[in-house]
Amino acid sequence: MDFNVDKIRRDFPILSQKVHGHPIVYFDNGATTQKPRQVIETVNRYYKEENASIHRGVHFLSERSTETYEKAREKVRKYINAASTNEVIFTSGTTGSINALAFSFGEKHLVPGTEVIISEMEHHSNIVPWQMVCERKGASLKVIPFNIKGELVMAEFKKLLSDKTRIVAVTHISNSLGTINPVREIIRLAHKSGVPVLLDGAQAMPHESIDVQDLDADFYAFSGHKVYGPNGIGVLYGKEKLLYDLPPYQGGGDMVDCVSFERTTYNQLPFKFEAGTMNYIGAAGLAAALDYIGGIGLERIREYERYLLEYATMKLMTVPGLEIYGNAANKISILSFLLDGIHPYDAGMVLDKLGIAVRTGTHCTQPVMDHFKITGTLRASLAFYNTTGEIDRLHAGLHRVREMFG
Amino acid sequence: MNEIQEEIIAEFDVFEDWLDKYNFLIEISNDLPIMDPVYKTNEYLINGCQSKVWLRADLVDGKIRFTADSDAIITKGIVSLLVRVLSERDPEEILDTELVFIDRIGLRQNLSPTRSNGLLSMVKQMKLYALAYKTKMAQQ
């Protein structure tokens, strides 16, 4: 395969360290990804050479900072192929994006008797904000179930869609099962009923190429830190005509046009949704991350990660008593599994001492665990800097776990 | 009580490798007296998100007897150490004890609030039981 993983690994300083005496195997990419030098240096340089608050001053640094920030917005626009930079709102992350939308959309469109559709495999971040707004507005939440393989039951979705539905909010890719959802079909069906769709793209952004116009997504949310960028920056994409009609989510500086004690008028898009001093350095770091991924090429990344998924799946299946949760035909390199009778916490503790970082627990998707009647899983989520050698180490580690607890 | 802590520290001193320490914790998890399943209810649950710990305290002849269990084995091993140090003591003693052994055998990280295994809450709960019984005894 034409993929020089050794060269790529050299871009990620953190991957060369040892943990408990072992070279680190970082398999917790679903939680957060590591940062390439290019991102670290961008953030570093910003603080050293450019730092000044954006959209405020007339001075040199402030203007330069503003320019960098708006260039980052353009970079994001281009990367997800939004029609305009007015449609790209910077937030603190996916959670921030969804909370903003749920609040704002709820204010405008939810009244008693209306419904919001989510799915059974949502991250808590795409459940709780909707639950909160539904409670406030007297609306109700409807849930699309998933089948034994971890795929959404589309027939049920069709039944849930009605003239009461105001929005469909589903994950593009499941963080605990790895399932790539049939989002085009979901959007097509929702639009047929005149209902807009929000996609939670936190897990999709690092693995799939996203074209919001091609998908015809109405809203799309993602985080910088899961796509090799810095923490504390994220994006809410929204179609301009939909965003235009929504009220602001937070009040403060920068989101206003004129303020008096009698009345405040709001700034235009996208600034209407960006109150306070935004994380402009995070935005620059995110732009650097998108440049970095673009430089490798998402098609090559996808191809390599599919190879890793296949290799890891075959390898893990050879471990006696291991069961994988989430076997969708269409999935990314996320493997959620249990070793029979062994508590994931015990297994995770031992793997940690072998230098292997996996996530244990519910992965913020308790309803998914309830579906399978389990309390949690071990999750290995792989990225393009991972190797088959590292998967072999996980495989050996799991045998060790079995010896200790079996 | 500090003698027991010294004893535990000495037991762990022989292990150089972390996995040997874990193997030892797995072994001593069996030392924990079996908890009657009827007590494995929410009332006695210390929810740590990832692994569950159940804890009960009874006053027997002026001393507190702790019984506990966990669904994760390593956690259960640590629980058994805590019970070994703190059980069958009078409330005053339990309240005064500083649990130095945790640090010394390298298990500090398991008691940090972020480990979400319920152990930190368990230590707090043991002390709260001691305080409750101390107050109760003073009233009698």
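**Briefing on a predicted two-chain model**

In strand β8 of chain A, Leu199(A) is the bridge partner of Val170(A), and these elements are named from DSSP runs, numbered from the N terminus, with helices being H or I of at least four residues and strands E of at least two. This is a predicted model, in which local features need pLDDT of at least 70 and side-chain atom pairs count only at pLDDT 80 or more, while totals for chains, interfaces and linings use all residues. Residues are numbered from 1 along each chain as its sequence is written, and chains are lettered from A, with ligands numbered from 1, in the order in which they are written.

**The seven-stranded sheet of chain A**

- Strands β7 (residues 165-171) and β8 (residues 197-200) of chain A run parallel and are joined by four bridges; two strands pair if DSSP finds at least two bridges between them.
- Both belong to an open sheet of seven strands with mixed pairing, in the order β4-β10-β9-β8-β7-β5-β6 (chain A).
- Because β4 (88-91) and β6 (140-144) of chain A each have a single partner strand, they stand at the edges, and one side of each is left without a neighbour in the sheet.
- From one strand to the next, the twist averages 20°, where axes are lines fitted to C-alpha atoms, for helices over the stretch in contact, and angles run from 0 to 180 degrees between N-to-C directions.
- Helix α3 (residues 60-80) of chain A packs on the sheet by touching β4, β9 (219-223) and β10 (234-238) of chain A, and its direction makes about 120° with that of β4(A).
- Helix α5 (residues 128-137) of chain A also packs on the sheet, touching β5 (115-119), β6 and β7 of chain A, with a direction at about 145° to that of β6(A).

**The four-stranded sheet of chain A**

- Four strands of chain A form an open antiparallel sheet in the order β13-β14-β17-β16, and its edge strands, β13 (322-325) and β16 (359-361) of chain A, each pair on one side only.
- Neighbouring strands of this sheet are turned by 30° against each other on average, direction ignored.
- Four bridges join β13(A) to the antiparallel strand β14 (residues 334-339) of chain A, and Leu322(A) has Leu339(A) as its bridge partner in β14(A).

**The largest nonpolar core**

- Of the 143 residues in the largest nonpolar core, those touching the most other members are Val168(A), Tyr220(A), Tyr237(A), Ala283(A), Leu82(B) and Met126(B).
- Such a core is a set of buried Ala, Val, Leu, Ile, Met, Phe, Trp, Tyr and Cys residues joined through C-beta atoms within 7 Å; a residue is buried if 20 or more other C-beta atoms lie within 10 Å of its own, exposed if 12 or fewer, and partly exposed in between, with C-beta atoms placed from the backbone.
- Helix α10 (residues 280-296) of chain A gives the most to this core, with ten residues.
- Leaving aside neighbours within four places in sequence, Ala283(A) is in contact with Tyr69(A), Ala72(A), Phe90(A) and Ile233(A), contact being C-beta atoms, placed from the backbone, within 7 Å.

**Chain B and its side towards chain A**

- In chain B, 14 residues are in contact with twelve residues of chain A, and α2 (18-29) and α3 (73-86) of chain B each supply at least two residues of that side.
- The most comes from α2(B), with five residues.
- Strands β2 (residues 52-60) and β3 (residues 63-70) of chain B run antiparallel and are joined by eight bridges, with Lys63(B) in β3(B) as the bridge partner of Val60(B).
- In the hairpin of β2(B) and β3(B), which has two residues between the strands, Asp61(B) takes a positive phi near 50°.

Terms used:
Contact = placed C-beta atoms within 7 Å.
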